[in-house]
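Trainee: I'm new to this one. Could you walk me through it with a few questions and answers?

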Amino acid sequence: MARAKTDDFAARGSGWWQRRRTRELALVACFLLPSLTIFFLYRVLPLGWNVLLSLQYWSPLKPARWAGLDHYEEMLIYDEVFWQALKNTLIFIGASPFAIALALGIALLVNGNLKGAAVYRSIVFLSYPLMTVAVGIIWRWMYDERGGIINFALRESGIIAKPIPFLQSFEWALPSVIVAEVWQVLGFYMIIILTGLQSIPPHLYEAASIDGAPRWAQFMRITLPMLKPSLFLCVVIGILNSFTSFDLVYIMTNGGPGHATELLITYIYKSGFGQTKFDYAAALTIMQFILLLLLTLLANFIAGGNAGSLEHR
Amino acid sequence: MQRRQTFLRHCALLGICAGMLLPFYWVLKTAVTNENIYAYPPRLLPASPHLFNFVDVWYFIPFPRYLLNSLIVSALVVGCNIGFNAMAGYALTKSFPAKRAVLLLFLSCMLIPFQATIIPAYLITSKLGLLNSYFGLALPLLSTIVCIFVFKAAFEAVPQSLVDAARIDGLGEWRIILRILLPLSKAAIATNVVLAFIWSWNAFLWPLIITRDPTMQTLPLGLARFLSYLEDTTGALYAFAVMVLVPSIFVFLMAQKEFIRGLTSGATKG
């Protein structure tokens, strides 16, 4: 019996392995196909198409004409709204380090064995998974001139005499939207930093305490350097949020008053779907994408040049 | 000293949590208020809380229609996500030519935010004839890179000896996946369900672009439309907002471990 089986194996030989390998490869290909199709259709192809569109004169009912860099020229030289939107986007991104610092503070507070830490963590994180449209509506209401609690609190405590129409004022609208954005994303930063904190080996702190290093020195010399990958990730998310905050801005101010809260992404939407200037919107998208890559590279450079490698670990 | 420090930590955290919860309280209070919500000074507690606003939502707008659309799209997204991501995750545990290229493609796609693709994505979807359709609404969300890697990690954690034993017993590849790998990856499946649900439930920009037909619109669009024409009436808008938030809060509280693990594993493992 055993003898027969061995012969059987020998007879199947390399041909059997070959067939099995071919079958396995076919399976791998079939399994990858749906995901690859989706990412090709909705990530790779659009990126290329954006580049092409940005170099053409094109609108849905007209044939395409080559435009060269005309759209970029118009954008960079003549379009004041573009510069305003770029400035606002940079301010939006520039606010994220403060939010990350705040999240770091909260993460340090809830880290370690504190009673109820899990409850605090959940509460801080609770706003992150919420529908941004609803969040925008809630914050509009918080900022309201008459019914809003923010104006009420400021007036009652005597800080201001007259109510401030936060979202209708040129100087307050952008900071107000940023506060709402930070409220929503703070918990996510905190969770990322907490994960980083928990991966720091405790013996580093023990050794430092034995050497008599004070708490702040431990923080500067151990915690911060070990958190570098987590903090870098938070910065990248902060940069990406300037794209993903479309919902919030659209609901809270729709870019107004004037263009005081216009972000590049809301301007892209308005150019493309409001004025059907798809070609120009594509050029704007390419500009924002370049900005995103440059800022990410810059953050990587500041972080010491290797923070991005955590993806390939 | 130690106790005083713990006390201060609790105080700071209570303050932060109060700040984080304040918007929830304010919208909830407004949703159950029936007096003039624009009166000054606003009441901190509702005078006579009631639920009329929640009922009004059903009459002011086609709420059931929006809800149905949102549920259909979310179900499509969640179902396909589990299937496609598990398949791709399984494929990535095998060795095959061009594996490095596929991995690199996935990782670089993570850097392209969906919002940066809206113009061509709209044109592609209209070429496919999927504007104003459930499938068109769901299509870009049907697979998620983060979740593919969650599945890959889960499958790799299954002991190889178990798979080998099953193979010697004569189980085919499909049955190994269905009978051994998937039942041992329940955590990955839960993670994927939660993330896919939250993302599709909350999606706004994509439905805004591709659905012109009001009968195909989802809840976030309904909320935005409600805001644009019923702003100055009652607390109904806020009741609507509360009703839309409840499912996400519920899902999050039920499965926060999976949710957080999904987000952070995507974040740190790539």
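Trainee: Is the crossing in which α11(A) passes α14(A) left-handed or right-handed?

Mentor: Keep in mind that this is a predicted model. The two helices are α11 (residues 228-244) and α14 (residues 278-302) of chain A, and their axes come within 10 Å. As α11(A) passes α14(A), the crossing is right-handed.

Trainee: How do α11(A) and α14(A) run relative to each other, roughly parallel or roughly antiparallel?

Mentor: Look at the angle: their axes cross at roughly 165°. Angles over 145 degrees count as roughly antiparallel. So α11(A) and α14(A) are roughly antiparallel.

Trainee: How many nonpolar residues does the contact of α11(A) with α14(A) have?

Mentor: From α11(A) come Phe232(A), Val235(A), Val236(A) and Ile239(A), while α14(A) brings Leu292(A), Leu295(A), Thr296(A) and Ala299(A). Sorted by class, there are no charged residues and one polar, and the nonpolar ones number seven.

Trainee: Which helix gives the most to the side of chain A that touches chain B?

Mentor: Between the chains, 67 residues of chain A are in contact with 68 of chain B. On the chain A side, 19 residues come from the helix that gives the most, residues 2-54, and that's α1 of chain A.

Trainee: How far apart do the C-alpha centres of domain 1 and domain 2 of chain A lie?

Mentor: The domain assignment puts domain 1 at 2-54 and domain 2 at 70-312. Four residues of domain 1 are in contact with seven of domain 2. As for their C-alpha centres, the distance is 41 Å.

How values were computed:
Residues are numbered from 1 along each chain as its sequence is written. Chains are lettered from A and ligands numbered from 1 in the order in which they are written. This is a predicted model: local features need pLDDT of at least 70, side-chain atom pairs count only at pLDDT 80 or more; totals for chains, interfaces and linings use all residues. Domain bounds come from an automatic or database domain assignment. Two residues are in contact if their C-beta atoms, placed from the backbone, lie within 7 Å. Axes are lines fitted to C-alpha atoms, for helices over the stretch in contact, and angles run from 0 to 180 degrees between N-to-C directions. Helices (H or I, at least four residues) and strands (E, at least two) are DSSP runs, numbered from the N terminus. Angles under 35 degrees count as roughly parallel, over 145 as roughly antiparallel, 65 to 115 as roughly perpendicular and the rest as oblique. A crossing is left-handed if the near helix is turned anticlockwise from the far one by less than a right angle, and right-handed if clockwise. Ala, Val, Leu, Ile, Met, Phe, Trp, Tyr, Cys and Pro count as nonpolar, Asp, Glu, Lys and Arg as charged, and the others, Gly among them, as polar.
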